[in-house]
Amino acid sequence: MVALMGAGWAGSMIGASAVESLLFSRYGTESLPLLFVLLGPVTFIVLGAYGALLGKIGPPRTVPATMVLMALSALAARAVVSSPSQELFQGLWLAMMVMWGVQMVAQWGLANRMHDMRQAKRLFPLYSAAMILGSSVGGLSTSPLALTIGTENLLLVWSATLFYSAWMTKKLTGLVSGQVVVRAQRPRAISLLLEGIRVVRKSRLLIWMAAVQLMLAMLYFLVAFVFATAAAQRFPATDELSAFLGAFFGVSSAIAFMVSLGVANRLFAAVGISASVVGMALVYALGFLSFAVTMAFGVVAIVRLVQLVWYNGVWGPGWQAMYNVVLEEHRDRVRTLLEGGALQLGISLSGALLLFVGTRPSSIVMTGFILAGGALVSALFVRSAYPSAVRAALEAGNPDVFVPPGQSLAKFRHDASAMRTLLAGAMDDDASVARISWSLLSEIGTQEERVRSSGLTHPDPHIRSLALLASGRGGFLDVDALSSALTDDDSGVRAAALDVLLEDPKREVAAIRDRMSHLIDDEHLPVAAKAANYLLCLGSLEVLDTVERWASSEDKNRRLAAMVAIKDVVEADEMVAKGLTDPEDEVRRAAVLNGGARLTADQLIELLLDPDEETAWAAADMLSDKQTSSDELWKVVQTHYCLPALSALARIGHDRERLQLYARAEIERAGALARWTTGVSASAPANALLKRHLEGLKRQATARAITAMVHDRVLVAEIVDGLASSNKVHRATAIETLESALERHLARPLVSAWEDQPPVMDEVDALRQLSVHEDGWIAALANICLQEGEPMRAAPGLNRVERVLMLSSVPLFANLSPADLHSIAEVTVENSYPDGSYIARQGEGGDEMHIIVSGHVHVLVAGKDGTEVQAGVRGPGEHVGEMAIISGSPRMASLRCEGQVRTISIDRTRFQRIVRDRIETGFAVMRALCDRVQEAYGI
């Protein structure tokens, strides 16, 4: 993408200089007003048609084809530049301007499709820099190229860069014959405009922004016309004109880039981003004032240079940031209205004005003065409306105003207007506004004395906590406030004060240390743990005795507090070792996170197999900083298919070739599983379960293949989850992300395993192959499928496969993977009850739930007179008794058997662990409870 952006815009700058030079040197600038009139509607129509093609044909075909079409257009232009037709050159100029817009939309649209939000935050600033620097390089290269090969041949250079862009675009989208691309439905441009109008009408700020956008567009092209006329008169020779224009625009791009980095942020921090709009209007006002004095070429060039530098280096970043006052769901619509409507209308109106008032210097100056005055007034209204809009965004809980997407809170302090509103919101009487303000300030930090004092003494303890964090992160350590907070009645305030101290635990504050000892016995254990950690970091080893008692306690929370207390404490190795063997996942995880720096590589490798996934990944993170034997890690990978171990290997960077071979083997495995999966239908429960199991194995193979090459756990999870999604758009996005994450020779076969394809083998053949599979579980399921799903045996004694099949038909467990069902099946107990017997009676303690295998169970509720009333009948595949083990209350109904009843049961302890560990079951339990309530009340 960097090469695409850089080369693409370098070529566009060269092409633009060539086209304008050819038109201006041969026919002057008299036709520009009419071209301005046409440019707005033509651009709008072309971009609308381009958007429609994207929705109908899809980006992988539309984008490269569009770039090829533009390249051929530039090539055709070179072939006909010897024509004496003025209309031809006017059309060429119009086409060039429209192609710029299409190229911008196409390349940024490709970047958006290639990257998820997390990647975009890191890479989009790099792409912006590549675009600006490419424009600068292209502009500066125009002069030597024009003087060497001639202006006409610059069109060949432009065409070559467009062909290169088409090739790169095709490569990046991964377009191959037969690829199935799923496309999201895109809203039409007209729909976006209408929606934008509805949003803008409700906002005073957006109304004035629309007015400013309209007038600034008109002013931009008025100055562009004056500059083009002056340049054409100063450099009548085509080659000299193209050389000048290229150098001029290249220099202006370079200066704008430096101004954006070095000036814009300082300006925004001093006066706010709305100043960029006022400044743009002032630039035009001063520019036309200069034109009133003289239209000498040097003055015109300076005004144009200042205009471009401010426009690209200050106004552009500030203007785009102002969209953040709009809620994200409306932002695209508002941007479409202002940039697709007001901007294009302004371009057309600039041409209409020039046609109406004429192109005499005095007429242009007068028109420019009037427009600049209107723009300045509108900009001042924008500036006055901006704080109110920021306040409204604050009340709506929209943090983008203060935290633009892609920037961290800690780095963003460059909008003075927004920060003033945020500080005012922190002292607002409205508790919701104050909380949101302090929540943001706690990350940003503040040194404002009046604001800090208001927060530190606020009656709301949550706000007092946030104010402490804001003070600490603002670099202000208020000893009196911290001392007071350590004795606050609210445990959250005490914890926040300790968090501030622990951000620099080696900084001893004597006045605070004396008050710390009482916090060791704080009734709120997290506070006690942080206090102990602070004292231990200061060398108060007498606290170790207390922490050791916590570490040996039967109370899980005290053991967890001990692991928090020993963070960065060298003398606590024995307690860390004890925490690593704790039966509770949270305690083991805390032991790794807080003591991991002192753990050996062997200890961490052992932890890679911890049953708690987060503990295992924490150990993998720690291993990247250790001198680790790759052979030991490979043993774990090959024996246990351990993703954390594989990620650690990829992160360490050893055995790159071996990792690639491993990835290829897993890709081949995924391909084989895909062929079997497409061959097996979901025609019967056993077939459906086998298909789900094969899909699960394919996901695991895919995850291992990607992890071997990419050590980004979050990215791997996003890709695998997206591939497994039933949402076609999510699957398409995951496939595109996969193609950009792996090398092409690895990505293509893996993508093929996930594309929708017709079966490549008959179902019977697939089942026969699977019936002799080395995985006994797969073979057993395949054999049942070949027996055409024989019914459950009437005799007692279900085997494991039959139990899994039964569990898969139960709504509580229907969404679990076959591997999870297998684990649950192993802890179930089979039961048999004769006709008329009771499985349970109302009022008894409920310690197990039952899944009915055969027979029927009547649910009976006894009234006050003891008469039983039937509340329902449950049959095979349904469950009974879950209410009692969930609530822990006595059974609410009796369960009486009709006929010989067989069940498999799960006790309370195991069921609660299933619900806790598997979120799908938790949601299913909630649905089941809703069904029971509806049944009880006849809803």
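## Salt bridges

A salt bridge is a side-chain nitrogen of Lys or Arg within 4 Å of a carboxyl oxygen of Asp or Glu. Lys698 forms such a bridge with Glu695, with 3.6 Å between the closest N and O atoms. The structure discussed here is a predicted model, in which local features need pLDDT of at least 70 and side-chain atom pairs count only at pLDDT 80 or more, whereas totals for chains, interfaces and linings use all residues. Residues are numbered from 1 along each chain as its sequence is written, and side-chain values use heavy atoms, with hydrogens and water left out.

Both Lys698 and Glu695 belong to helix 31 (residues 685–709), where three residues, about one turn of the helix, separate them. Helices (H or I, at least four residues) and strands (E, at least two) are DSSP runs, numbered from the N terminus. Lys698 counts as buried, at 5% relative accessibility, while Glu695 is partly exposed, at a relative accessible area of 23%. Here buried means under 20% relative accessible area, exposed over 50%, and partly exposed in between (1.4 Å probe, protein chains only).

## Further charged pairs

The structure holds 19 salt bridges. One of them joins Glu613 to Arg713, with the closest N and O atoms 3.7 Å apart. This pair links distant parts of the chain, 100 residues apart: Glu613 is in helix 27 (residues 613–623) and Arg713 in helix 32 (residues 713–724). Arg713 is partly exposed, with a relative accessible area of 30%.

Arg748 forms a salt bridge with Glu755, and here the closest N and O atoms are 3.9 Å apart. Arg748 and Glu755 are both buried.

## Packing of helices 31 and 35

Two packed helices are described by the angle between their axes and the distance between the axes. For helix 31 and helix 35 (residues 763–771), the angle is about 65 degrees and the axes are 13 Å apart. Helix 31 is therefore roughly perpendicular to helix 35. Axes are lines fitted to C-alpha atoms, for helices over the stretch in contact, and angles run from 0 to 180 degrees between N-to-C directions. Angles under 35 degrees count as roughly parallel, over 145 as roughly antiparallel, 65 to 115 as roughly perpendicular and the rest as oblique.

The crossing of helix 31 past helix 35 is left-handed, a term used if the near helix is turned anticlockwise from the far one by less than a right angle, with right-handed used if clockwise. Asn687, Leu690 and Leu694 of helix 31 meet Glu763, Leu767 and Leu770 of helix 35. Contact means heavy atoms within 4.5 Å.

## Surroundings of His858

His858 lies in strand 3 (residues 848–862) and is buried, with a relative accessible area of 13%. The His858 side chain makes polar contacts with the side chains of Gln870, at 2.5 Å, and Glu898, at 2.6 Å. A polar contact is a pair of N or O atoms within 3.5 Å; within protein, one must be able to donate a hydrogen and the other to accept it, and residues adjacent in sequence count only if both atoms are side-chain atoms. Beyond its neighbours within four places in sequence, His858 is in contact with residues including Gly872, Val873 and Leu895.

## The chain as a whole

The protein chain has 41 helices and six strands. Of its 939 residues, 51% count as buried.
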